[in-house]
Amino acid sequence: MHLTFHPADTATDPHKGTVLVVPGGRYKYVGIDIDGKPSTKWLNGIRFDVYVLEYSCADNSPTPLREKPMGDAKEALDQIRKSPRFHGRLGMWGWSAGGHLTGIMGTKPDIKLEFLILAYPVITMDDQFTHGPSRHNLLGEAPGQEQIDKMSVDKQVTVHTPPTFIFHTASDKDVPLENSLRFAIAMGKKKTPFVLHVQKEGAHGVGLNGWQNGLKPWLLDIISKKPIINSTPDVNDWESANGYIQNHTFR
């Protein structure tokens, strides 16, 4: 496990919070350049401290990885909370397979995060909609149903899961949209705050292609206001909602 710290410029104003960024890479490698650098630059620009996590993956650890990446993430969060700059507002931002790791950590009640950001995340380990390479590196050739359920993020959602902003594209051929839909449905059932932002077009790994413009106001609200559930939307009807579904307001 390795953490790289990127502090926000606090010359004129204090930083707003801290985000642990978890790049993707199929649980084979950690995509620092693809995912870590752009999100770090964007978050620093709105005065968030950023830590980028390099975690156990197939290129540096024996497979199947099973719980190793989760152990790395727990160690990273513990280190962040001990930092003298940390003041209590902590979230995670995960991309693709890093979104899976972020989701698993976020659904653990003892982790106590304030928010999650999931960009085209791997959510389910079920055969039909999972990302095969990620599941293989994490769970091996033929995982049992208990392992599949334990590592399917949508099946781990509780009322304690933190507010989450989810982004996906409908045309993603590598990690199907169904992954994000399942997570949003699970959040809705538990009456937990979520935003689901779906773009019709875009391959897997599109990065920050404009969707962050919707993320920014939500993120600034989530660290300063209380989210109040005000609807139970049908996430499968995302097209009628112009690709943006939010089940809460702020007070």
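## Helix α7

Buried means under 20% relative accessible area. In this predicted model, that cut-off picks out five named positions on helix α7, residues 212-222: Gln 212, Leu 215, Trp 218, Leu 219 and Ile 222. They lie on the same side of α7, because they cover an arc of only 120° around the axis. The spacing fits a general rule. An α-helix has 3.6 residues a turn, so residues three or four places apart point the same way.

Strand β3 spans residues 48-54 and is mostly covered. Six of its seven residues are buried.

β3 pairs with β1 and with β2. Strand β1, residues 2-6, pairs with β3 in the antiparallel sense over five bridges. Here Phe 5 stands opposite Tyr 51 in β3. Strand β2, residues 17-22, pairs with β3 in the parallel sense, again over five bridges. In this pairing Val 19 stands opposite Val 50 in β3. The chain leaves β2, passes through helix α1 (residues 32-45) and reaches β3. This β-α-β crossover is right-handed.

## The cavity

How many cavities of 30 Å³ or more does the structure hold? It holds one. The largest cavity has a volume of about 30 Å³.

Its lining consists of Phe 5, Thr 18, Asp 49, Tyr 51, Ile 80, Ser 83, Arg 85 and Phe 86. By class, the lining divides into four nonpolar, two polar and two charged residues. Phe 5 and Tyr 51 are among the lining residues, and Phe 5 also stands opposite Tyr 51 in the strand pairing.

How values were computed
Residues are numbered from 1 along each chain as its sequence is written. This is a predicted model: local features need pLDDT of at least 70, side-chain atom pairs count only at pLDDT 80 or more; totals for chains, interfaces and linings use all residues. Side-chain values use heavy atoms; hydrogens and water are left out. Buried means under 20% relative accessible area, exposed over 50%, partly exposed in between (1.4 Å probe, protein chains only). Helices (H or I, at least four residues) and strands (E, at least two) are DSSP runs, numbered from the N terminus. The arc is that of the directions from the helix axis to the C-beta atoms. Two strands pair if DSSP finds at least two bridges between them. A crossover is right-handed if, with the strands pointing away from the viewer, the path from the first strand over the helix to the second runs clockwise. On a 1 Å grid over the protein atoms alone, a cavity is a set of points where a 1.4 Å probe fits but cannot get out, and a pocket is an open set with protein on both sides within 12 Å along at least five of seven lines; lining residues have an atom within 4 Å of a point. Grid points are joined across faces, edges and corners, and a volume is the space filled by probe spheres set on the points. Ala, Val, Leu, Ile, Met, Phe, Trp, Tyr, Cys and Pro count as nonpolar, Asp, Glu, Lys and Arg as charged, and the others, Gly among them, as polar.
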